[in-house]
Amino acid sequence: MSPHEDKPRPDGTEKPDEKREKNAQEKKLRDLSRRSFIKGAGIASVAASAGALLADRVLEAAPRPQSGGMAGGVVGPGEVPITLKINGQIRKLNLEPRVMLLDALRNHLDLTGAKKVCDRATCGACTVHLDGRAVYSCTTLAIDAQGHDITTIEGLEPKEGLHPMSQAFWNNDAQQCGFCTPGFVMACTAYVEHEPNPTYEGLQKSLGGNLCRCGTYMGIREAVLEAAKTMKTKGGRA
Amino acid sequence: MDAFEYAKPSSLKEALGLLGSDWDDASVFAGGTDLISLLKDDVVDTKRLVNIKGIAGLNRVHESAEGVHIGAAVTVEELFSNRMIREQFPAIIDAAEGIRSPQLHNMSTVGGWLCQRPRCWYYRNGFGLLALDKDGQSLVTQGDNRYHAIFGNSGPAKFISPSSFGPVLIALGGEMRIEGPKGARDVAAADFFVIPQKQGEREHALAPNEIVTEITIPAASRGMRNALYEVRPKEGLDWPLTTAAVALRMRGDTVERARIVLGHVAPKPWPAEDAAKWLVGKTINEENAAKAGDAAVQGATPLSRNGYKVQLARVSVKRALLAAVGERRV
């Protein structure tokens, strides 16, 4: 079996019949995902040390004025109600003003497509769209993202199949380990939506906000050129 | 990063009232790409962020009889895609293009582009802006100084001014409006950047309770041929190794007046006045541009590991001059 067999098929066809039943069984197992397993294990260990943690919390929280109703529109440093519009859905959270959009997405909303890598506005793994423009969510305050349309990689992908940009990455071998890929797909999609006729030379100057340590830049540039053509014929956002 | 208070005032008066008399009391916040990173690294502490993006009037570019006014909260992308800026001030477009990250273009503001803190790795790793050891000796001169200053480094400050917009603004004779509790003051961009002489001093003329609100490029600079050339360490996002910004008033093929400002070579943007004077009355060609480059690096005082930057600065001046008169090369 080719190592590529597990990838979604570009033509959208299903796997042969004899594999279906086996797949269904595997899916049940997969539904208990690595992530939910880690979370379950996490709860157990937190419970063990909850007493100590709670004591810290109380000590730390006591001198801090709570938000809401303070003079001059000042809120925090404690939690404040925050409303975010993410992938078309309204999400309400209580967060400290220091919480970054990336951490709100990953830790509070289970949207783990945006990745935390450099955490310093350099590598682009955390890229999301704010009103259709690429931004680093690691240095965007969640509180400051209110009132904007936030799109994450989860919101970019259609229910079935792949977004033309993701598909083009697949077609052009534009990833190796894949950890930078969601950020790249978001940055490249925003770029093509504003520059529907990209050139290779233009890409060299205009997509420097993301890093790929595997060095798949050649494939990524080819993917962007291909996706620009598909997005033109099929329309941009899925 | 410690927890902080947050406010997004809608008026300048309100914003000024939220700042304090110490740097740690409150920080002016706009794009946040630099400030948030400094907070995460505990290089900067703050009790409060004052978001100035909600203040009316800070996010527009407009022209008047005095010149072109750029609000401090205008994003680099907005400036980059502004047709009037493109036509009149290609040096600004060059500088913006040098920031190779569209994410930074979309987030960063013009005020932050000028007020960003130095990239010196001693500073960024918590050794202070002047990076002195316990005996008061410079860690920079003793250590790895390959990206540090080759001019203006006789005092304790050895870092380089990080902004690529700073040299352009000075070459264009720009001014900055600073608002504080006592009202507004206009400062020439050339005077905004300063070289700190002792611990606790900063690399700009701001007080903790002041905000840069507007940048003005005077009408007198209209029609000057201008360009920025930067030598880059790599294709993607990084700060330049050296830059040169030039603005030329031409009469036919002859230079009537010139301004040349080197960037990323000193703790502040570094005007090359002798080179600019030498150019008056000359035409810009390969030979004269190279000679101006030679003149611009006269008196450089490189440290132990950054002598190579003298040549890069020399070439930056030459290529910026040629670009300004239309001979652009990559």
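**Notes on chain B**

1. B:Glu5 stands opposite B:Arg48, a residue of strand E3(B). The model under discussion is a predicted one, and this pairing should be read accordingly.

2. The strands concerned are E1(B) and E3 of chain B, the latter covering residues 48-51; they pair in the parallel sense, over three bridges.

3. This pair belongs to an open sheet of three strands in chain B, ordered E1-E3-E2 with parallel pairing. Strand E1 (5-7) and strand E2 (27-29) of chain B each have a single partner strand and stand at the edges, so one side of each is left without a neighbour in the sheet. From one strand to the next, the twist averages 25°.

4. As to domains, the assignment for chain B gives domain 1 as 58-220 and domain 2 as 223-324. Between domain 1 of chain B and domain 2 of chain B, the C-alpha centres are 18 Å apart.

5. How many residues of domain 1 of chain B are in contact with domain 2 of chain B? The contact involves 40 residues of domain 1 of chain B and 35 residues of domain 2 of chain B. On the side of domain 1 of chain B that touches domain 2 of chain B, at least two residues each are supplied by helix H5 (90-98), helix H9 (139-142) and helix H10 (165-171) of chain B.

6. The composition of that side of domain 1 of chain B, where domain 2 of chain B is touched, is 22 nonpolar, eleven polar and seven charged residues.

Technical notes. Residues numbered from 1 in each chain as written. Chains lettered and ligands numbered in written order. Predicted model: local features only at pLDDT ≥ 70, side-chain atom pairs only at ≥ 80, totals over all residues. Domains from an automatic or database assignment. Contact = placed C-beta atoms within 7 Å. Helix = DSSP H or I, 4+ residues; strand = E, 2+ residues; numbered from the N terminus. Nonpolar A, V, L, I, M, F, W, Y, C, P; charged D, E, K, R; others polar. Pairing = 2+ DSSP bridges. Axes fitted to C-alpha atoms, helices over the stretch in contact; angles between N-to-C directions.
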